[in-house]
Amino acid sequence: TGGGAYTEDAQRLKDSYTSQCMTLNVPPVAPLMDFFDRCIGQGESPAIIELKGNRRELFHKRLQDHDVQAVVAALQASQHSLITALVFSWNNIGDEGCMALADWLKTDGQINRLDLSFNNIGEEGGKAIADALCTNKSLAHLAMTGNKVGDKGGLALAQMLSVNTTLKTADLANMELGHQTLTMMGIALARNSTLLVLNLDRPSLFSRQEEAVEHVAMGLRANQSLRSLSLRNASLRDRGCFLLCDNLVLNHSLTELDLSSNKLTEDAGPALAQLVESNEVISKLHLANNELCDRGCTALSHSLSSNAGLTDLDIAYNKIDNDGLLQLASAISKHGFLTRLTAWGNLIKPQSTAALAYACQQIRSLKNTDIRVQVVDDVPNAVRKVTPESTFQPGLA
């Protein structure tokens, strides 16, 4: 039975882990031992080992390299383990622990998900993971956000994506990725046919010419598999936005694009409008915390009538005044397909409040918006509607 197999696997892993800890002179991680005991006692699957350092039980005793080495040694000794996911985020794992995991990945054929977000992994650790994933045929989900692997470590990861045929999601945000990485990422996107989700938030790009973004844009033009791309806080300017939109017009796979918290101005409006007019595949467009202002919003609004595919639009905190919001209200009432609209943080006045409220009432499909109307002395006032999804705060993206 499944319960019996789970119990046996958990007992085998616990015994192996205890033995490896003694061999390496490492104290067992208490929450991991508790996890094994729970699986043994209740017949639960030990498939997902989750040791997040920001949880109460590990907050003051986060995983170090030697802790990871003991876990890896136990997994290697238990060759037929049912483990499919390791979640080691928010710990103090460095290059040595990461390299131990990488060595194991080269021979493991079962692990599906690896989350090492927000650790202390540097260039060597990034290179080791990249090298392992050039041959690993099981890992589908990789998260390394918040590790300072730098441009050389990032370059190795980008080169890996050009040959890897297994990864479906790659979370590579806030890793100090530079010009070389994003240039190679463009080449990788042109070659890769299996990656579905890519997060490149907060790279370290300083050139105002945006040459690296141009390579990413050209890669997207050729790519026909990626579904979601996030480039938040990427110092993206109007030229970079134009390059992305111009190439995405010919892309027929990307459905979600997040360009929030960049340096887009009203001059980016026409490029975004052209994308919306010409590409009905994109259903989710997030542009929060830029400076599209009235002209940018007006251009984008006029394009909505040509696109029945866009269902999720986020233009919060864009310094849009009355004129732009009135154009938006008119456009969305005619568009009629939005399911989510986020527009808080703009210069919303009574006239645009009333227009937006009326427009939202006309769209039966609209289930989620961050604006509600409160009438005071017969004057409509916009009030932020707080929902579980309305978590965006300017400057924190």
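**Notebook: loop, helix pairs, cysteines**

I started with Asn233, which comes out partly exposed at a relative accessible area of 24%. This is a predicted model, so I am keeping that in mind for every entry here.

*Entry, the loop with Asn233.* I looked up where Asn233 sits: the loop between β7 (228-230) and α9 (238-248). Ser235 is placed in the loop between β7 and α9.

*Entry, α4 and α5.* Next I went through helix packing. How far apart are the axes of α4 and α5? I get 8 Å for helix α4 (residues 95-105) and helix α5 (residues 123-133), at an angle of about 5 degrees. That angle makes α4 roughly parallel to α5, since anything under 35 degrees counts as such. From α4, the contact uses Asp95, Cys98, Met99, Ala102 and Leu105. From α5, I noted Glu123, Glu124, Gly125, Ala128, Ile129, Ala132 and Leu133. Sorted by class, the contact of α4 with α5 holds 8 nonpolar, 1 polar and 3 charged residues.

*Entry, α10 and α11.* I then turned to helix α10 (residues 269-278) and helix α11 (residues 293-303), whose axes come within 8 Å and cross at roughly 10 degrees. So α10 is roughly parallel to α11 as well. I also looked up the hand of this crossing, and α10 and α11 cross right-handed. On the α10 side I listed Gly269, Pro270, Leu272, Ala273, Val276 and Glu277. The α11 side brings in Gly296, Ala299, Leu300 and Ser303. My class tally for the contact of α10 with α11 reads 6 nonpolar, 3 polar and 1 charged.

*Entry, cysteines.* How many disulfides does the whole structure have? My search found 0. Cys21 is in no disulfide, and the nearest cysteine sulfur, that of Cys39, is 17 Å away. A disulfide would need the two sulfurs within 2.5 Å. Looking from the other end, Cys39 is in no disulfide either, with the sulfur of Cys21 as its nearest at 17 Å. I checked accessibility too: Cys21 counts as buried because its relative accessibility is 2%, and Cys39 counts as buried at 0%.

Terms used: Residues numbered from 1 in each chain as written. Predicted model: local features only at pLDDT ≥ 70, side-chain atom pairs only at ≥ 80, totals over all residues. Heavy atoms only, no water. Buried < 20%, exposed > 50% of the residue type's maximum accessible area, 1.4 Å probe, protein only. Axes fitted to C-alpha atoms, helices over the stretch in contact; angles between N-to-C directions. Helix = DSSP H or I, 4+ residues; strand = E, 2+ residues; numbered from the N terminus. Parallel < 35°, antiparallel > 145°, perpendicular 65-115°, else oblique. Contact = heavy atoms within 4.5 Å. Nonpolar A, V, L, I, M, F, W, Y, C, P; charged D, E, K, R; others polar. Left-handed = near helix turned anticlockwise from the far one by under 90°.
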